[in-house]
Amino acid sequence: MNAINRLAAVVSLASLLPLSALAAGPGTVEVTHWWTSGGEKAAVETLKKQVEADGFIWKDNAIAGGGGAAAMTVLKSRAVAGNPPAAAQVKGPDIQDWAALGLLTELDDVSKANNWDALLPPKIAKIMKYDDHYVAVPVNIHRVNWLWINPEVFKKAGAQVPTTLDELFAAADKLKAAGFQPLAHGGQPWQDATVFEDVALSVLGPKGYHAAFVALDEQALTGEPMKTVFAKLQKLATYMDPNRAGRDWNLAAGDVINGKAGMQIMGDWAKSEWTAAGKVAGKDYQCVPFPGTQGSFAYNIDSLAMFKLKDENDIKAQNDLAKVALEPTFQIVFNQNKGSLPVRQDLDLKQFDACTQQSAVDFKDAEKGDGLQPSMAHNMATSLAVQGAIFDVVSNFLNDPKADPAKAVTQLNSAIKSAK
Ligand code: GAL
């Protein structure tokens with residue numbers, strides 16, 4: 001067949017095909033997320049590569065801003081404009097809100113074919129379902145109540161690894177006296193709330209934490225112990241960098257990695273920065289439960305909510321993303337880079353570092369009693385409106401070194417009441 005005949009054959013074949021097939025190219029999956037630090041980029045790259053290897057196009061919609069507030073603003077405006085992405089990092093109770101608006105798609109085929117009900121812990125599966133259909137896929141389990149330590153700096157300062165809040169203050173005093181920044185921190189509302197939540201878990205215990213931030217119980221929110229939470233938070237702030245306003249969490253992590261600061265209070269995505277810097281858990285750095293929260297596990301599950309799409313090929317790409325997200329290879333490589341636990345329960349954790357292995361043991365222990373609690377600071381416990389109200393009170397309090405803990409408690413309660 002010469003070139004002209006070949007072209008004619010293609011054209012006549014094309015005339016027999018339906019229009020949709022003619023338009024067919026590989027489907028595209030656009031993903032909105034906020035995994036933009038060096039370590040987190042490496043993690044998300046593993047998802048992109050797998051989707052591309054399956055023949056689909058990955059459209060990255062990364063929106064910088066730890067904790068995801070900026071990403072959520074973009075997502076809302078895109079949804080209002082009728083142009084949501086295929087997938088977006090949406091978490092906890094917020095998944096239900098998006099589904100209730102009728103914007104999320106049901107992932108019945110892919111969830112049944114890949115047996116998600118058997119792979120996922122039932123409590124986590126429940127968060128991903130709306131009306132008994134999966135509308136989101138979880139990728140990991142982060143633990144929020146961690147303290148990250150540079151052992152070299154501790155040694156130089158003669159500081160001991162703390163297990164209680166008082167020991168934490170004692171270690172911070174030693175670090176300060178030796179000329180180090182005791183606590184690396186970024187003054188952004190979600191980072192302030194992360195520290196606040198850890199202190200609350202330490203002071204109130206998991207039951208008290210639950211009463212305050214899940215049940216939003218007025219007594220728990222206004223009691224004497226909550227005043228203590230704010231007082232301890234205020235003391236902690238005295239060990240933070242006074243120029244911390246607006247700093248990103250990964251820059252704060254960098255200060256601990258390079259030995260300028262001794263500690264950081266942050267969830268285990270902080271580990272992604274240590275990993276990216278080639279540091280080894282248990283040797284170059286230490287992870288310990290936030291002092292006083294041993295036995296508790298404040299969980300933060302990253303999940304991708306799937307939006308309704310029209311184009312058949314894009315739907316195929318979306319289903320592929322959902323499938324890949326729970327496959328063993330992705331779960332292992334992604335979570336090794338991200339610092340989190342795999343959400344699949346059937347993987348051998350020997351391939352993970354010491355911190356992740358400890359996290360897995362602590363998760364199982366916490367699950368047996370009241371220890372397993374949803375993270376307020378990371379969208380797992382309340383509506384975003386209530387969370388925003390808490391963030392405001394906590395950040396205002398931290399930004400004023402003379403603020404009165406008793407007043408903060410009153411403000412917290414009334415802010416939550418009006419946001420409910
Ligand atoms: C959390 C998210 C983590 C991490 C962190 C910092 O909300 O779950 O995956 O990205 O924010 O941005």
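Axes are lines fitted to C-alpha atoms, for helices over the stretch in contact, and angles run from 0 to 180 degrees between N-to-C directions. Helices (H or I, at least four residues) and strands (E, at least two) are DSSP runs, numbered from the N terminus. This is a predicted model, in which local features need pLDDT of at least 70 and side-chain atom pairs count only at pLDDT 80 or more, while totals for chains, interfaces and linings use all residues. Residues are numbered from 1 along each chain as its sequence is written, and side-chain values use heavy atoms, with hydrogens and water left out.

Two packed helices are described by the angle between their axes and the distance between the axes. Helix 11 (residues 189–213) and helix 13 (residues 224–237) have axes that come within 8 Å and cross at roughly 165 degrees. The two, helix 11 and helix 13, are therefore roughly antiparallel (under 35 degrees counts as roughly parallel, over 145 as roughly antiparallel, 65 to 115 as roughly perpendicular and the rest as oblique). The crossing of helix 11 and helix 13 is left-handed (the near helix is turned anticlockwise from the far one by less than a right angle; clockwise is right-handed).

Helix 13 also packs on helix 20 (residues 405–419). Their axes come within 8 Å and cross at roughly 120 degrees. That makes helix 13 oblique to helix 20. The crossing of helix 13 and helix 20 is right-handed. Helix 13 and helix 19 have axes 10 Å apart, at an angle of about 50 degrees. Helix 13 and helix 19 are therefore oblique too, and their crossing is right-handed.

## The largest pocket

A pocket is an open set of points on a 1 Å grid over the protein atoms alone, with protein on both sides within 12 Å along at least five of seven lines; a cavity is a set where a 1.4 Å probe fits but cannot get out; lining residues have an atom within 4 Å of a point. Grid points are joined across faces, edges and corners, and a volume is the space filled by probe spheres set on the points.

The largest pocket holds about 310 Å³ of space. Its lining has 13 residues, with Lys123, Lys126, Ile127, Tyr299 and Met380 closest to the centre. Helix 5 (93–100), helix 8 (122–128) and strand 15 (372–374) each give two or more residues to this lining. Helix 8 gives the largest share, 3 residues.

By class, the lining of the largest pocket has 8 nonpolar, 3 polar and 2 charged residues (Ala, Val, Leu, Ile, Met, Phe, Trp, Tyr, Cys and Pro count as nonpolar, Asp, Glu, Lys and Arg as charged, and the others, Gly among them, as polar). Domain 1 (5–140 + 301–358) and domain 2 (143–299 + 365–419) each supply at least three lining residues. These bounds come from an automatic or database domain assignment.

## The second largest pocket

The second largest pocket has a volume of about 210 Å³. It is lined by 15 residues, and Gly67, Gly68, Ala69, Gln387 and Phe391 lie nearest its centre. Helix 4 (69–80), helix 11 and helix 19 (384–399) each give two or more residues. The lining splits into 7 nonpolar, 7 polar and 1 charged. Domain 1 and domain 2 both contribute to this lining, so the second largest pocket lies between them.

## The cavity

The structure holds 1 cavity of 30 Å³ or more. The volume of the largest cavity is about 110 Å³. Its lining has 15 residues; Trp34, Glu40, Gly67, Trp269 and His378 lie nearest the centre. The lining of the largest cavity divides into 5 nonpolar, 6 polar and 4 charged residues. At least three come from each of domain 1 and domain 2.
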